[in-house]
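Let us walk through this structure step by step. Keep the 3D view open and follow along.

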Amino acid sequence: MAGLDLGFFLFAAITACIFAIMALGLYVQFSLAGLPNFGHVAFMAVASYAMAILVVRLSLPLPLAMLCGLLVAVALALLLGIPCLRLRADYLAIATVAAGEMVRYLAMNLPDLTGGPLGSMAMLGPDQVAFYNLGWQAMLDRVAAGIAHVTGTPVSRDAAAALIVFVVMLLLLVFFARLEHSPWGRVLKAIREDDVAAASVGKHVVAYKMQALILGAIIGGLSGMLLALQIGVFSPDDYAPTLTFYAYLILILGGMNRIWAIPLGAILFSLLYTGTRFLSFFPLSLFDSGSRAFLRLFLIGLMLVLFMALRPQGVLGDRRQLLLEK
Amino acid sequence: MLLEVVDLSKTFGGIAAVSHASFGVAERSITALIGPNGAGKTTMFNLLTGLIRADSGMIRFAGRSIERLRTDLVARAGLVRVFQSPRILTRMTVRENMMLAAKDQPGERFGMAWMAPARVARREAEIRAQAENLLGLLRLSHLAEAFAGTLSGGQRKLLELGRTLMVEPRMILLDEPMAGVAPVLAEQLLEHVKMLRAQRGITVCIIEHDLDLIMSVSDHVVVMDEGTVIASGSPAEVQADGRVIEAYIGRLDAAVVADAS
């Protein structure tokens, strides 16, 4: 097969790690606390836009801008959580869908601030191209140089990026895997199963749900910013609602309610997502490459349906547990 | 009185589910709450535990007003309820169900498992021992690792009772604990309830339809009908009360007459 070079695999690996972080945010909200968030992309988008705007317009250093991006994601979580978390779960589901779309439409229609449909590169108006990821690239170069210095072999910027996102993903997974099995995680799971029962034994349900929503927003926001830094230029369409469902697909593919299934789901997903080139065999070779790119989205949808129907527990999940009635 | 209900009212869309109800539950008593279907007994439990808010009236528990408290704070104050149909956490194990309910686990705060692992582990070991002990008492030890969703109806009731005890309550509210339970298990449940009072000094308020059973186990009976308390006293007093007979039997007579015509 042509094009199976290291560059492609690095690209797929970076995508997989960023998507795994994205899915982990949803995992904390949905799998741990049972909060149905259908607008995860909203947290990703607001954090990315806040970061890019602060870098481009106020020339803030990147780490500070990223911190502000996370704070904006937290603010959005509070905005959604304070009115909705006291109500039934359905209300949060609706509010999050709406939030995802509102963020995108705001980004489309506030061109002076966001660059409008043209995206981040038009943030300073039509006359000059705006960059927000110079700091990121400089850091990647430093890391690459560092690795080259230690190992004696030159490494690419992408390899440095892959290493960084992999380490971030791993740290987050370890951190939350430990917490999931701590008493804190037990309370969240109890709330997921039956929040009245949890309240009846003395657990402050709304406070825990708020924690889960905020943590998910922070992780989601981080993944959104990493995605933005990695793709270099983004527009509102990069934060389309489908992104949220990719996160669900990753959770479902790997295995619902299993934190260590997230990387597996993310690898499977990103191979499918980035690997249009794998779809060049007959009879798909009858289509031109543009059509095959759309076919890829169709296959992702088909896979979601097949998994739900045939293997709802995913690759690693526990079917016995899943099939118990609530 | 450990629990005092004063002039409590709650209407749902014009229908008075509880209306100006007043009664008390003495410390270490087993008090029965009886009355025909729709009398407002379960609504009363929902009001007591803060699941719904009263329109007016007062609830005092251990000298403290609790009518405005959230459910979890009522539970922490020591007033815990067992639901009519058990609300166990089916997709968690029996042991997890029990351990969840324990108080004062610092590890329930976010991040504490990382910041103070030793403290969390120490308390966790205590909680685990406490859970094993109670599971042994309830004869559920062999099921500790099973998902709670695999338990039978009666075992679920036992588990919920056990989970309630993990909160270390001063008073428990039992909503029809014997309903739908095999006679042998019902007997066992009843023994547990008596033992709770005798050994742990726990006050019990129990909703039950089996009047013979109630009269034998309780030392005080509160009778509700149409949202109000129509009588209260010792089992013997209540059984002799004309209004109680009317509420139970009179209605029945009327129904028989209506059926016949």
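Chain A has a mean pLDDT of 88, and 94% of its residues reach 70 or more. Where pLDDT is low, the predicted coordinates should not be read in detail.

Stay with chain A. Find helix α2 (residues 40-58) and helix α3 (residues 62-84) of chain A; their axes come within 8 Å and cross at roughly 145°. The crossing of α2(A) and α3(A) is right-handed. Which kinds of residue form the contact of α2(A) with α3(A)? There are 16 nonpolar residues, two polar and no charged. Those from α2(A) include A:Phe43, A:Met51 and A:Leu54, while α3(A) brings, among others, A:Leu62, A:Met66 and A:Leu76.

Now turn to chain B. Four of its strands make an open, antiparallel sheet, in the order β2-β1-β4-β5. The edges belong to β2 (15-25) and β5 (64-65) of chain B; each has a single partner strand, so one side of each lacks a neighbour in the sheet. Strand β1 (residues 3-12) of chain B pairs with β2(B) over seven bridges. One example is B:Leu8, whose bridge partner in β2(B) is B:Ala21. Helix α1 (residues 41-48) of chain B lies across β1, β2 and β4 (56-61), at about 70° to β2(B).

Next, look at strand β9 (residues 220-225) of chain B. Is β9(B) mostly covered or uncovered? Six of its six residues are buried. B:His220, B:Val222 and B:Met224 point one way, and B:Val221, B:Val223 and B:Asp225 the other way. Strand β3 (residues 30-34) of chain B pairs with β9(B) in the parallel sense over four bridges. There, B:Ile34 stands opposite B:Val223. With strand β10 (residues 228-233) of chain B, the pairing of β9(B) is antiparallel, over five bridges. B:Asp225 stands opposite B:Thr228 in β10(B). β9(B) and β10(B) form a hairpin with two residues between them, and B:Glu226 in the turn has a positive phi of about 50°.

Finally, see how the chains meet. The contact takes 31 residues from chain B and 25 residues from chain A. On the side of chain B that touches chain A, α2(B) gives the most, with four residues. By class, that side of chain B has 14 nonpolar, six polar and eleven charged residues.

Technical notes
Residues are numbered from 1 along each chain as its sequence is written. Chains are lettered from A and ligands numbered from 1 in the order in which they are written. This is a predicted model: local features need pLDDT of at least 70, side-chain atom pairs count only at pLDDT 80 or more; totals for chains, interfaces and linings use all residues. Two strands pair if DSSP finds at least two bridges between them. Two residues are in contact if their C-beta atoms, placed from the backbone, lie within 7 Å. Axes are lines fitted to C-alpha atoms, for helices over the stretch in contact, and angles run from 0 to 180 degrees between N-to-C directions. Ala, Val, Leu, Ile, Met, Phe, Trp, Tyr, Cys and Pro count as nonpolar, Asp, Glu, Lys and Arg as charged, and the others, Gly among them, as polar. A crossing is left-handed if the near helix is turned anticlockwise from the far one by less than a right angle, and right-handed if clockwise. pLDDT is the predictor's confidence in each residue, from 0 to 100. A residue is buried if 20 or more other C-beta atoms lie within 10 Å of its own, exposed if 12 or fewer, and partly exposed in between; C-beta atoms are placed from the backbone.
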